[in-house]
Amino acid sequence: MPGPGDVLDLVRRGRATTRGGILEVTGLSRMTVAQRVDALLEARLLIEDGTHGPTGGRRPRRLVVNSDHSRLVTATVNTTHTTTALADLSGRILARDSFDVAVADGPERTLHEVARSVRRLLAHPAAGGVPLAGVGVSIPGPVDPETGRPSQPPIMPGWDGYPIPDRLTDEFGVSVVVANDADAAALGEQTVGYPDSPALCLVKVSTGIGTGIVLDGRVYAGVDGGAGDIGHVRVTDDPQARCRCGAQGCLAAVAGGRAVARALSELGIPASSGRDVGARLAAGDADAARLTQEAGRRIGEVMATVVSVLNPGVVLLGGALASTPLLAGVRETLYPRSLPRATRHLTVALATLGDDAASVGMARLLVENEFSPAAVNARLA
Ligand SMILES: [Zn+2]
């Protein structure tokens, strides 16, 4: 029988927003619906919207999820810097913080700084004195879906198997969810811009390259968290193209932010990371634009295979190199190398949320974890 958690889920998804609507969708008795709703109102998980109809007549009171029930904190760990965000339960970002730390310095140093930043956000007025419900961390590498630990991340030395969830749960006493950054960003963009898309991919092109896949509103991470990790697909026999993963000829080694930064440096324009390239692109640098477009062509070649396998409705480009030249490059090779049927309804566009994408996605993952029907039923039992 549907419990209060199932009722909360119906309201969150907009499938029922009044007692009458819940009765209709669930088939529960009027009295049981009243009990479920009362339990959720008492727990402050739902609130009643007291507005009346335009004619002044009484309208059934609308039930809405209380987005101020508790707060969430997310950390987006990038290769060279980390951003953190404070969010409400609707995924709205209320405050942000950021700091520079190299992921290559290892998990202890990075997570120490993450914890400090989280405490700064919890001291922010927008934290509002309500409890913290969870911490979400996205990292630039694959995550074991069972344990939330990094799973042989190619560009994160010292992080393999590191117990990120335990480390932060010990510190903050809440549950911690860890996800791949491209997965989190894909979910964030899907939530805000393409809620009805059954299949969406986001290619994050920063210092490295990764793809997040969202199918039917859920991240598809793969059996070992490696789905969409296209940065290490071999695309060239060029012995110069040495990748930080230890292999040779990887896509990331020829089209990632680091590769473009190196090419820029050779032209006398100092750059070392994806973020540096992004800054040159924003400044309108012609060499940065040309090299980024060329990188886009290489990425489009690999994405043609992804599109042929998944036939998605949306392919978004995000990360530090996301720009008009990157988009143009990807389109140049993706379309001619894919069958028309696979691209007939395909939108290829720039992501729109920037650094917030992964925060919004992590906030949604946290809500789905902490306020799932089963979790709420257990809490209110
Ligand atoms: Zn590689």
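The centres of domain 1 and domain 3, taken over C-alpha atoms, lie 43 Å apart. The model is predicted: local features need pLDDT of at least 70, side-chain atom pairs count only at pLDDT 80 or more, and totals for chains, interfaces and linings use all residues. Residues are numbered from 1 along each chain as its sequence is written, and side-chain values use heavy atoms, with hydrogens and water left out.

The chain is assigned domain 1 (4–65), domain 2 (71–180 + 357–380) and domain 3 (186–355). Such bounds come from an automatic or database domain assignment.

Now the sheet. Five strands form an open sheet with mixed pairing, in the order β5-β4-β3-β6-β7. The edges belong to β5 (93–100) and β7 (175–180); each has a single partner strand, so one side of each lacks a neighbour in the sheet. Neighbouring strands are turned by 15 degrees against each other on average, direction ignored. Strands (E, at least two residues) and helices (H or I, at least four) are DSSP runs, numbered from the N terminus. Two strands pair if DSSP finds at least two bridges between them.

Strand β6 (residues 132–139) runs parallel to β7, and six bridges join them. Val-137 stands opposite Val-178 in β7. Ser-138 has Ala-179 of β7 as its bridge partner. Five of the six residues of β7 are buried, so β7 is largely enclosed by the rest of the structure. Buried means under 20% relative accessible area, exposed over 50%, partly exposed in between (1.4 Å probe, protein chains only).

Axes are lines fitted to C-alpha atoms, for helices over the stretch in contact, and angles run from 0 to 180 degrees between N-to-C directions.

Turn to the zinc ion. Its protein donors are His-232 (ND1), Cys-243 (SG), Cys-245 (SG) and Cys-250 (SG), at 2.0 to 2.3 Å. Donors are N, O and S atoms within 2.8 Å of the metal (3.2 Å for Na, K and Ca); water is not among the atoms, so sites may look incomplete. Along the chain, the donors follow the spacing H-x10-C-x1-C-x4-C. The arrangement is tetrahedral because the four donor atoms subtend angles of 103 to 122 degrees; four donors count as tetrahedral if all angles lie between 85 and 135 degrees. Cys-243 counts as buried because its relative accessibility is 9%. Cys-250, at 1%, counts as buried too.

Conventions: Four donors count as tetrahedral if all angles lie between 85 and 135 degrees; four count as square planar and six as octahedral if opposite donors are over 155 degrees apart and all others between 65 and 115; anything else is irregular.
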